[in-house]
Amino acid sequence: MTNHTLIMEFLLMRFTESWMLLRLHAAFFSLIYLVATMENVLIMLLTILDQRLHTPMYFFLRHLSFLDLCLISATVPKSILNSITFTDSISFLGCVLQLFLVVLLAGSEIGILTAMSYDRYVAICRPLHYEAVMGKRACVQMMAVSWFNGGALGILYSAGTFSPNFCGTNKIHRFFCDVPALLQLTCSKEHATINVSVSIGICYAFSCLVCIVVSYVYIFSTVLIIPSRQNQSKAFSTCLPHLIVVSAFLVTGAVAYLKPVSDVPSLLDLLVSMFYSVVPPTLNPIIYCLRNKNIESALGKVLWNVRNT
């Protein structure tokens, strides 16, 4: 007979048992969180304050920064707090909320990245129709659809993960509540509900990937026939950061979800879960702002105004 356990809390996996190393972990994660917060808040402020950045491209970039800030805030502060207090626990409801937020934000982010690829397609392949196609209403609608899809996936994944009964241990082999690690704790080996949810999520991610790939096939086809080398370079410079961000986000997410979770805790499981939930929100602002003259100009303008006040 299966021993069902009423779990009131879960225990997250810690990086080390050493008190000193946990303090170092808390300091390191605090530094990463501070940097990611400053980067993403800076991009949001610049794209709001500078009138020259009130374009569809920077509208989506602003919302991408907001999603990145929320994504890293859903996981890292709890890990920092646990390291400082030398505890591993997270309440059952806290775990449900954390899983829901991570899936919602990740699902919304891939939708925003798809919208950004479409924006680049229209700007480069149909420049004469850009203002008509990428109007404010269209941008808001694409953003709303991204959030709706992310929220729907968050509900499906949360319901599918927490509907089965849990047996035995309550230790999660990740530093935050994630689907693969939680399924290891359920009594049943058959997970019909979550399998359907994951299938829907895969179809959603794959359809977004197809849209992105098709957009860039048209973009590169158009760019390569541009006679001016300078214009080619300018077009590529606006597309390459987006391609890097999309690739990093999809690859790290695929590795995290497709890699089997071992029964024995391992450092690799921790690093995999950390990589796709911490690294993209930290690096995305750097990738997008590197050699972006509009962002650099807006930042210089803000700094100049602050210095002269």
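Trainee: How is a salt bridge read here, and how many are there?

Mentor: A salt bridge is a side-chain nitrogen of Lys or Arg within 4 Å of a carboxyl oxygen of Asp or Glu. By this rule the count is 3. In one of them, the side chains of Arg120 and Asp119 meet at 2.9 Å, N to O. The model is predicted: local features need pLDDT of at least 70, side-chain atom pairs count only at pLDDT 80 or more, and totals for chains, interfaces and linings use all residues. Residues are numbered from 1 along each chain as its sequence is written, and side-chain values use heavy atoms, with hydrogens and water left out.

Trainee: Is Arg120 buried or exposed?

Mentor: Buried means under 20% relative accessible area, exposed over 50%, and partly exposed in between (1.4 Å probe, protein chains only). Arg120 has 10% relative accessibility and counts as buried; Asp119, at 1%, is buried as well.

Trainee: Which residues form the other salt bridges?

Mentor: Asp50 pairs with Arg52 at 2.9 Å, N to O, and Asp50 is buried, with a relative accessible area of 6%. Arg174 pairs with Asp178 at 3.0 Å, N to O; both Arg174 and Asp178 are buried.

Trainee: Which cysteines form a disulfide?

Mentor: A disulfide is a pair of cysteine sulfur atoms within 2.5 Å. A search of the whole structure finds 1. Cys95 and Cys177 form a disulfide, with their sulfur atoms 2.0 Å apart. The link is left-handed, with -125 degrees about the S-S bond. Cys95 lies in helix H4 and Cys177 in the loop between strand S5 (171-172) and helix H7 (179-183), so the pair links distant parts of the chain, 82 residues apart. Helices (H or I, at least four residues) and strands (E, at least two) are DSSP runs, numbered from the N terminus. Cys95 is buried at 0% relative accessibility, and Cys177 is buried at 0% too.

Trainee: What does Phe10 touch?

Mentor: Contact means heavy atoms within 4.5 Å. Not counting residues up to four places away in sequence, Phe10 touches, among others, Cys95, Phe162, Ile172 and Leu182.
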